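Visitor: I would like a close look at a single part of this model. Please set it in its surroundings as well.

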Amino acid sequence: MKHSIAPFSPDPDHDFEIRTALGLAAEGSTEPGEVLAATAGIRRGDHQAWFDAWNDLATRTAAVAEEAEQAGHRVSAAEASLRASTYFGVAVNALSGLPDSDDLVATFRKQRAAWESFVSHSSTRAERVDIPFGLGSLPGYLFRPSQDAQPTGATLVAVNGSDGSLAALWATCVSPALKRGWNVLVFDGPGQQSQLFERNTFFRPDWENVLTPVYDFVARQQGVDPSRIALYGISQAGYWVTRALVFEHRFAAAIADPGVVDVSTSWTSHLPKPLLKALDDGETEKFDKEMALGLTFAGDTARTWHFRARPYGTTGYAETIEAVRTYRVTEEQARQITTPLFITDPEGEQFWPGQSEQLAQWTAGVSTLSRFTAAEGADGHCEPLARTVTAQRMLDWLDTRVAASR
């Protein structure tokens, strides 16, 4: 029997965004009716209408938050601010793919302002932090569970994906973990969110050099048990977490949602083999020329490329692919992982198919592979329509691994 949920949009990319947004409603980061009403009737390929829909929805929702704040309704202000931040986050990504993206930084700042409003008005205990990193710092937030919860010191470091907002991460990880008594640290890493749009820093493949100072920082915080610090990575952070664990062994346990061992396949699997051969043979000028010609007749692909390449800080097509190819973990490296590792494996994974299973095979002594299926409504990258199911499985596993000795 075939199990499938009908598309919400004729555009596959838009459909995935809608599914992701709908799934975030489980923890209040979106409202399903708002999402479906705003995106109804947008034609495939109409990227301007797609941006306008999310930007308008975000603006209206932010206005609701402001009105609630002025009237003294803190709960309503927090709820609307959280949703507005999520919607602005989708608008930022939509704007990144348009020919004119001059308003990108301004739109991001609206996203972050709404998030700050949520943090300020929410009853959740939160501390704004700056994590020492190189010559600067990584901005973040350390959330604490309810004061009614028994303190255990168990702390989860949550790592975002390539383009996710903190409001989305709130729903996929932070809120479910807080409910279970965990402290949760979130932050903007290199190339993510404020680091990209306001500090002009870019992705880097060696995330052991990011997560080691993050561990050092959080281990020093009051109420944190250094022996109970765990790690979670969503989407492309499935790679960043895996890479860091090769070298950094102090985390008590980790989750890769999903497992990613080679980021570049999501780029190269769509390219003709002769074109890739030219790149492998060092014919970068030929590669760039043929890519430019091909993308002239493929507007959607060109927009996606522009959007995805921005955080790498590269210019030419060949330079981008060569950079992305450094974002990989070999079998030899993976076998050095000693941290207990939970790996989600959704049916129909569209970006890195087969890599969760590959990672599980390479780390068989320490890993647990959890399959998510279409029959559960949990298929697709990061299980967008089954985030409650995903949180239950991964956090129950985490509680068993890290907090069993409470």
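Visitor: In which loop does Pro 258 lie, and between which strand and which helix?

Guide: Pro 258 sits in the loop between strand S6 (253-257) and helix H10 (265-268). Helices (H or I, at least four residues) and strands (E, at least two) are DSSP runs, numbered from the N terminus. The model is predicted: local features need pLDDT of at least 70, side-chain atom pairs count only at pLDDT 80 or more, and totals for chains, interfaces and linings use all residues. Residues are numbered from 1 along each chain as its sequence is written, and side-chain values use heavy atoms, without hydrogens and water.

The peptide bond between Asp 257 and Pro 258 is cis, with omega about 5°. Most peptide bonds are trans, and most residues other than glycine have a negative phi.

Two other loops hold residues with a positive phi. Asn 200 has phi near 55° and is not a glycine. Its loop runs between helix H7 (194-197) and helix H8 (208-219). Asn 200 counts as exposed, at 53% relative accessibility. Buried means under 20% relative accessible area, exposed over 50%, partly exposed in between (1.4 Å probe, protein chains only). Glu 383, also not a glycine, has a phi of about 45°. Glu 383 belongs to the loop between strand S8 (367-372) and helix H17 (387-402). At 0% relative accessibility, Glu 383 is buried.

Another loop, between H1 and helix H2 (32-39), carries Glu 27. Glu 27 is buried too, at 18% relative accessibility. Leaving out residues up to four places away in sequence, Glu 27 touches Leu 82, Trp 170, Ala 171, Ser 175, Pro 176 and Lys 179. Contact here means heavy atoms within 4.5 Å.

The axes of H1 (residues 12-23) and H3 (residues 47-70), lines fitted to C-alpha atoms over the stretch in contact, with angles from 0 to 180 degrees between N-to-C directions, come within 12 Å and cross at roughly 15°. His 14, Glu 17, Ile 18 and Ala 21 of H1 make the contact with His 47, Trp 50 and Trp 54 of H3.

Now the whole protein. Its secondary structure comes to 17 helices and eight strands. The radius of gyration, taken over C-alpha atoms, is 21 Å, close to the 22 Å of the globule rule (2.2 Å times the number of residues to the power 0.38) for 406 residues, so the protein is as compact as a globular protein of that length. Of those 406 residues, 56% count as buried.
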